[in-house]
Amino acid sequence: MITDEIDRTRCSVAGTLAVVGEKWSLLVLREAFLGVRRFADLQQNLDVSRAVLTERLNTLVDQGVLARAPYHAEGQRQRHEYRLTQKGLDLYPALVALMEWGDRYVADARGSALTLEHRDCGGEVHLSLTCEDGHRLGGPREVRPVALPAASR
């Protein structure tokens, strides 16, 4: 059985969760994808304590998901804003998947608060699972896990 062959010490899911698997981290990323960059705006939008937000931002910066960049508003001291790095931008499909799942199973009768549209054509954006040959997959029953040897990664 394949599950007996998997080296769970190299689990990508566990590694990812160690970086972004906490509620506030994911919500910070949601805000970053919505264009929110400044601490005060993040704190206001998330209604989170300064200590928790500071800890999550530090973790995301330390992990290379966000980059801290200085800015200076007129008449104020220098502050920092938080910008998505390529590593952070690569998390976008994961956030879209969580959003779609929430829209389907958690949203109340009023529905979702927002939708995603393609900038060029205005079409609604949906996440899809495809193989490298371009076949669209309907779900996990169409996928076979294959254990890789340690040296192949």
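Predicted model: local features only at pLDDT ≥ 70, side-chain atom pairs only at ≥ 80, totals over all residues.
Student: At roughly what angle do the axes of helix α3 and helix α4 cross?

Tutor: Helix α3 covers residues 23-33 and helix α4 covers residues 39-46. Their axes come within 11 Å, and α3 passes α4 in a right-handed crossing. The crossing angle is roughly 115°.

Student: How do the residues of the contact of α3 with α4 divide into nonpolar, polar and charged?

Tutor: Helix α3 contributes Trp24, Leu27, Val28, Arg30 and Glu31, while α4 contributes Leu42, Asn45 and Leu46. Arg and Glu count as charged, and Trp, Leu and Val as nonpolar. The division is therefore 5 nonpolar, 1 polar and 2 charged.

Student: Which class, stacked, edge-to-face or tilted, describes the aromatic pair of tryptophan 101 and tyrosine 105?

Tutor: The ring centres are 5.4 Å apart, and a pair requires centres within 6.5 Å. The planes lie at 45°; under 30 degrees would count as stacked and over 60 as edge-to-face. The pair is tilted.

Student: What separates tryptophan 101 and tyrosine 105 along helix α7?

Tutor: Both residues belong to helix α7, residues 92-105. Because they are 4 residues apart in this helix, their separation is about one helical turn.

Student: Is tyrosine 105 buried or exposed?

Tutor: The relative accessible area of tyrosine 105 is 54%. The cut-off for the exposed class is over 50%, so tyrosine 105 is exposed.

Student: Over the ring of which residue does the charged end of arginine 38 sit?

Tutor: The charged end of arginine 38 is 3.7 Å from the ring centre in question. In another such arrangement, the charged end of lysine 23 sits over the ring of tryptophan 24, 4.7 Å from its centre. For arginine 38, the ring is that of tyrosine 71.

Note on methods: Residues numbered from 1 in each chain as written. Heavy atoms only, no water. Axes fitted to C-alpha atoms, helices over the stretch in contact; angles between N-to-C directions. Helix = DSSP H or I, 4+ residues; strand = E, 2+ residues; numbered from the N terminus. Left-handed = near helix turned anticlockwise from the far one by under 90°. Contact = heavy atoms within 4.5 Å. Phe/Tyr/Trp six-rings, centres within 6.5 Å; stacked < 30°, edge-to-face > 60°. Buried < 20%, exposed > 50% of the residue type's maximum accessible area, 1.4 Å probe, protein only. Lys NZ or Arg CZ within 6 Å of the ring centre and 35° of its normal.
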